[in-house]
Each structure stands twice: as structure tokens, then as C-alpha cells.
Amino acid sequence: MFQRDRDRVIHCKAFRRLKQKTQVFLSPEGDLYRTRLTHTLEVAQIARTIARALRLNEDLTEAISLAHDLGHTPFGHAGESALDKLCPDGFKHYRQSLRVVDKLEQNGRGLNLTWEVRNGIITHTKGTWAATPEGRIVRMADQIAFVNHDIEDAVRAGVLDPAILPRECTAVLGETKSQRITTMIQSILAHSDGDVAMGPEEEEAFLALKDFMYANVYNDRTAKREEQKVEKVLTELYEYYLTHIDQMSNFYLQLAYQEGRDRAVTDYISGMSDEFAIRTFEDVFVPRKCTCYKRKQEKRAMIPHEYIEELNRRTDIVDLVGSYVQLKRKGRLYGGLCPFHSEKTPSFYVYPDTQSFYCFGCGAGGDAISFAKKINSIDYGEAVKMLAARAGMPEPQEDDKTGRMRSRILSMNREAARFFHACLNSTVEEARQARAYWRRRGLDDKTIVRFGLGYAPNDGQALYQFLRDKATTSRSWTPAACSSAALPGASTVCSGSGS
């Protein structure tokens, strides 16, 4: 059963995100520095070595090792410290790791892991030790791994001179990373009589070495300056999403409805990778040029968002890409040789479910418009016109007052549909009755999600208040617009979904 736990951890989304999460050094230049994922793998290797030698359960040890940091924030412990200040209930990554496997994965269903693995996750850092020897091994392996690989990374970064490592520590543990890890593992094997323990001499030397790292690396002035930037980024994102919860996915919108905005925003941000957090910050707070197109140097109006959505709906990306690339079906995907770089082994894939493409060789990716633009070496506007002609749509027209009003009304109706769908997935009694109604009508969960079905709360004011709140933070909406346009539109959404 612990093999099943291990497999579920490896295949979950949170595990994949670890590859772009900081271990110690923020956004280091070079690909040889540890990430949260490589740290996790080193912990698993050390822990399994000890468990095998002590004839303990290797599968349980590995499952705990691989899952112990799933709840870690972007930007390492600097991100954890920032979220701990922002979240009213505080934030600790070991608690969040347990929340990830119990609540957040699988759209709220969790991974259904065994008690032994869950106990090992929550106790891997500090406080009460794990109830199983395998969990206690992982706690020790975690510290052995991070101190030793952080020394190696600090030397590579020029932050630490290996010659200044405390002599009283290296004399006992060894001069190199390999020697130190071997010494500590052998000490644990020699002194684990009835329980997992390290020898007193080696433990004293290790604790002194860890104190040295905190004084000279983890609390380095340069690192502290970078941590201030981390706190700024996460604070801005946290405050933004508190007032723009509709910008998160439906799952987190549902969490906000059930457990409060702070909890939902904390879960959302803690799950971000470093790269995604920075990109999101730039998208939200850094000004950029509008998407527009030119024809014979004549500046044209912005292409309406609704037009682009309709164009994407009418364009089958498999047919589009297939007219340039020989594609072969591989399950739910299509693969072929990338048209953007030379290769002999296919690394180019088309995803019909998301109407997107991506090449693992050169990194090219995007939607149908991005593909048309890149494959034909044309600008965005020309790509839109090309696909429009292909789909039998008229060219995009210049936006006017009527079009802008229609855009606002459609936008409010979309938000209303998302709101009603989130209501349906809440835990209140009304929502349970609504879900039971849909099931009596013969509709399963997959159909409900596919068509965005929902229900309207009986108080009659929930949607109105939701749109009013959004109107106060939206430049394109006004409370008057919500009163005159949103409520009739919302009524249409309700009847259209059968609510």
C-alpha cells in the first residue's frame, strides 16, 4: 500500500512544481544548483539507504521523503516567512504539505494517503517526532541532505569558502560532502539500537555545522536583500488576489466560498513555482503594450477579446498544425517533429483538450494564433486575419461603444456562470440539494463540470453582491452597469444552466 502512496505522490501536480521552486539560492544563474525537487530526491536516496540497512520499510520511507516538501512555497523559506506574516492563521510548509495531500490535490479529493505517510509529513521538520521509525529516518535524512548540498551550492555561488568550515566539524564528519554523508549514515546505523539515532559525537559536530551555515550562509546580507524582494512580490500578489478572487481558478473560488478568502489565496500562492509567481507579478503590476495589429503602418483598434475567444472556438488546432506537420495520435495527444527546430526524435505535441501546442525541445508553445504567427513569420494581427479567413469569420472590426457595452455584459455573464458553478460545489445544504437534483436528472459530475452547471442561492442577493464587489475593483465595470445589465444576464445564465 505504501507503493501506491509513493506513486500517487510522484504523479501529483504539486510534485511536478517542485522542479521550479527554490531550495536556498533565489533564481541562481546556472543549472547545477539544487531546486526543491532535487533536494527531495537526495532526501529520498539517503533515507532509503538507512531504511534498507536497518531492514525497515523502504516504500514507506520513500513515500514520506517524496511528499515531505509538497507544500513548500515559491522562493524557499523566504516565501514561507512572507506567507507566515500574511496569512491570519500563519503558514508552515509542513502543515501545508499535509493539506496538499489531504485537500488540495485531485480537485479537492486529496491523494488518500495512509496514516503513516501523513504522520511522517507533518512531523518531518520540528516538534513531535514521527510515530514510525521510517518517519524519523526521513526527518534526519532531510537535515543531512540540506546542510551538505547547501554547502556545495554556497561554495559554487562564491558565498562560502570551504576552507573556513569549522575544523572541529570536518575532523569528525569529513572534508567533502560524500565523506560527511557517509559518516552520518554509518553513525546512524551503528547507534540505532531500538530506535533511530545518530552517535553523540557525530550529532554534536553536525549541529555545530548547521549553526555555522545559518550564521554564514542562510542569514547572509545579500540573501536578506533578496528576501525583501520576495516579501514584496508575495505581499502584492496576496493583496491583489484578496480583492480579485475571480482571477483564480474555479477550484480556489470554491475554497474562498467555503473557507474564506485568506485561506484560498494562501493555498493558491503557496502552490506557485518561482517562475510562475514572477510572471504573474509582471502580468498584474508591470505595464505592457496592448495587443494590436498594424496594416501598412496604419494603427488599428484593439481586437475585441470576444472575437479572439470565438476565433479560438472555431479553430481546431489539430487540423491547423496538421496542415504543416505530420502528426501521429498518442493517446489523447498528437505528436510529431517540431517545425521550429531540427530534430530526429519527435518532441512536439498538440493538446486537443486545451487547444495548445508545446515543444519540449525548443520550448515553443501557445495557442492556435501563436502557432500561425510563428510558422508563417507574421505578426499577431495578420495571424488573426489568416485564421479568421480559414474559419469563415469576418475580419475583426474596430471596437465601438456598443461593442464595449456588449463586452461588459458578456463578461459579467461569464462571471455569473463561474459564481453559480462555485456555489454548486460548496458544502452548504442548498448546494447538496442542487447536486442531488442534477443527479436525479441523470447528469454526472463530468457533465456538470463540462457545461459549467450551477445553482443560484435562495437569498436572491448573492450574485448581485458578488458583481458589486467586483465592480469596485474593475475599471471596465461600474455598479450602475451591474444593476442595469448584469442581473438580467445572470438570470439568463441560471435558466440556461437549468438552475
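**Charges, rings, strands and helices**

Modeller: Let me begin with a side-chain contact: the charged end of Arg139 lies over the ring of Trp129, at 4.1 Å from the ring's centre. Please keep in mind throughout that this is a predicted model.

Biologist: And over which ring does the charged end of Lys374 sit?

Modeller: The charged end of Lys374 sits over the ring of Phe340, and the distance to the centre of that ring is 5.2 Å.

Biologist: Moving on to rings with rings, how many aromatic pairs does the structure hold?

Modeller: There are 18 aromatic pairs in the structure. In one of them, Phe251 and Tyr252 have ring centres 5.1 Å apart and planes at 75°, and because planes over 60 degrees apart count as edge-to-face, this pair is edge-to-face.

Biologist: Is Phe251 buried or exposed? And what about Tyr252, buried or exposed?

Modeller: Phe251 has a relative accessibility of 15% and so counts as buried, and Tyr252, at 12%, counts as buried too. Ring pairs also join Phe251 and Tyr252 into a cluster with Tyr240, Tyr241, Tyr268, Phe281 and Phe285.

Biologist: What about Phe419 and Phe466, how are their rings arranged?

Modeller: The ring centres of Phe419 and Phe466 are 4.9 Å apart, and their planes are at 25°, so that pair is stacked. It links distant parts of the chain, since Phe419 belongs to helix H20 (residues 401-424) and Phe466 to helix H23 (residues 462-471), with the two lying 47 residues apart.

Biologist: Are those two buried or exposed?

Modeller: Phe419 counts as buried, with 8% relative accessibility, and Phe466 is buried with a relative accessible area of 12%.

Biologist: Switching to strands, what is the order in the sheet of five?

Modeller: The order is S3-S4-S5-S6-S7, in an open sheet with antiparallel pairing. S3 and S7 (365-366) stand at the edges with a single partner strand each, which means that one side of each has no neighbour in the sheet.

Biologist: How many bridges hold S3 and S4 together, and what sits between them?

Modeller: Strand S3 (residues 328-330) and strand S4 (residues 333-336) pair antiparallel over three bridges, with Lys330 standing opposite Leu333 of S4. The two strands form a hairpin with two residues between them, and Gly331 in that turn has a positive phi of about 70°.

Biologist: Then which residues in S5 are the bridge partners of Tyr334 and Gly335?

Modeller: Tyr334 has Val350 as its bridge partner in S5, while the partner of Gly335 there is Tyr349. S4 and S5 (residues 348-351) run antiparallel and are joined by three bridges.

Biologist: Last topic, the helices: how do H8 and H10 cross?

Modeller: The axes of helix H8 (residues 133-157) and helix H10 (residues 177-191) come within 10 Å of each other and cross at roughly 165°. Since angles over 145 degrees count as roughly antiparallel, that is how H8 and H10 are described, and H8 passes H10 in a right-handed crossing.

Biologist: And at what angle do H18 and H19 pack?

Modeller: Helix H18 (residues 368-376) and helix H19 (residues 380-391) pack at an angle of about 110°, and their axes are 9 Å apart. H18 is therefore roughly perpendicular to H19, and their crossing is right-handed.

Methods: Residues are numbered from 1 along each chain as its sequence is written. This is a predicted model: local features need pLDDT of at least 70, side-chain atom pairs count only at pLDDT 80 or more; totals for chains, interfaces and linings use all residues. Side-chain values use heavy atoms; hydrogens and water are left out. Two strands pair if DSSP finds at least two bridges between them. Helices (H or I, at least four residues) and strands (E, at least two) are DSSP runs, numbered from the N terminus. Rings of Phe, Tyr and Trp (its six-membered ring) pair if their centres lie within 6.5 Å; planes under 30 degrees apart count as stacked, over 60 as edge-to-face and the rest as tilted. Buried means under 20% relative accessible area, exposed over 50%, partly exposed in between (1.4 Å probe, protein chains only). A charge sits over a ring if NZ of Lys or CZ of Arg is within 6 Å of the ring centre and within 35 degrees of the ring normal. Axes are lines fitted to C-alpha atoms, for helices over the stretch in contact, and angles run from 0 to 180 degrees between N-to-C directions. Angles under 35 degrees count as roughly parallel, over 145 as roughly antiparallel, 65 to 115 as roughly perpendicular and the rest as oblique. A crossing is left-handed if the near helix is turned anticlockwise from the far one by less than a right angle, and right-handed if clockwise.
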